[in-house]
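Here is a short briefing on one protein chain. Look over the sequence and the structure first, then work through the points.

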Amino acid sequence: MTPDLMELGSKRIEEHLSKAQSFDTDSGGRSASYSRLKQQNEIDVTHGRILYLEGVNVSFDGFKAINNLNIDIAPGELRCVIGPNGAGKTTMMDIITGKTKPDSGQVYLGSTINLLKHSEPEIAQLGVGRKFQKPTVFEHLNVFENLELALKTRDGKGVSSSLFFKLDSVYSDRLAEVLDTIHLSTEVYHEAGYLSHGQKQWLEIGMLLMQDPALLLLDEPVAGMTDHETERTAELFLSLKGKHSLMVVEHDMSFIAAISEIVTVLSEGSVLAQGTLQQVQNDERVIEVYLGR
Ligand SMILES: Nc1ncnc2c1ncn2[C@@H]1O[C@H](COP(=O)(O)OP(=O)(O)O)[C@@H](O)[C@H]1O
Ligand SMILES: [Mg+2]
């Protein structure tokens, strides 16, 4: 990957994005995805990486929250990230999604898209979906309406018209598939406000899936779930792997054990260890800073 090629890649994307409309809503970064033009297959993964961070640093008032962080993720991978509170896990997601700009370092989506050159809504449009800890579904809309609202419109008509546009078969197929994936087919006309905590989390994941993100970042997705909901969520994530790339931050070790391939341990803003769950569980340094407590 030469700097010229990288420049060319970002120029092309800038052109795409300047044609896209964005909409202001209260739903945070999600709004941008209604008009997402970037398709997953436009991300160059020929170098075997969907996400690449190198030498990333962030300080908050002199405190180094992220310290020379290096991490990369393969296309279709389900990466788990663990580590003590304050290790920088959420800040890392803030950097990838453009919420926080690092002081130095590189952050790439595929080998050509320099995420540091893009705003938070643009990064969502490029195909990076993010699930925050708290569910943020539209409580007064039903499951179907929430998913429908999350659809990207093909003609950039935006949120208000997307509420009323007629679903064509591609989108109704997607909607049915997502409903099935998130186990909410029988709750399709239930108001979201009446769903259980776990079901709200699944609905929000479904809303992200409607936009067909290349990369999904999930911050403590099973916090507050019942054991049964946690098991269903593990199944859900395993079914997403391969079709999407996922980065999952969790403290629940039985959940990690159920879904993990490679586990990255963050501590003090850097990668402390990386390997299978068994490998990192047997690592003295990991036991000391995290697991041994
Ligand atoms: N916007 C911010 N301003 C100041 N300090 C922050 C900010 N965001 C995170 N931090 C600090 O950075 C460190 C890492 O936080 P965080 O990424 O939330 O950790 P984790 O998600 O691993 O628990 C913490 O000490 C936190 O207080
Ligand atoms: Mg956190």
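Predicted model: local features only at pLDDT ≥ 70, side-chain atom pairs only at ≥ 80, totals over all residues.

Six strands form an open sheet with mixed pairing, in the order β6-β7-β8-β3-β9-β10. Its edge strands are β6 (128-131) and β10 (270-275), and each of them pairs on one side only. On average, neighbouring strands of this sheet are turned by 20° against each other, direction ignored.

**Strand pairing**

- Strands of a sheet pair through backbone hydrogen bonds, in either a parallel or an antiparallel way.
- Strands β6 and β7 (residues 215-219) run parallel, and four bridges join them.
- In this part of the sheet, K131 stands opposite L218 of β7.

**A helix across the sheet**

**The nonpolar core**

- The largest nonpolar core has 72 residues.
- Which residues touch the most other members of this core? They are I96, L109, L203, V248 and V265.
- Helix α7 (residues 197-210) gives this core its largest share, seven residues.
- I96 is in contact with L51, V107, L115, V128 and L217, leaving aside its neighbours within four places in sequence.

**The whole chain**

- The protein chain has eleven helices and ten strands.
- Of its 293 residues, 42% are buried.
- Take the contacts between residues at least 6 apart in sequence: 68% of them join residues at least 24 apart.

Note on methods: Residues numbered from 1 in each chain as written. Chains lettered and ligands numbered in written order. Core = buried A, V, L, I, M, F, W, Y, C linked by C-beta atoms within 7 Å. Buried ≥ 20, exposed ≤ 12 C-beta atoms within 10 Å, placed from the backbone. Helix = DSSP H or I, 4+ residues; strand = E, 2+ residues; numbered from the N terminus. Contact = placed C-beta atoms within 7 Å. Pairing = 2+ DSSP bridges. Axes fitted to C-alpha atoms, helices over the stretch in contact; angles between N-to-C directions.
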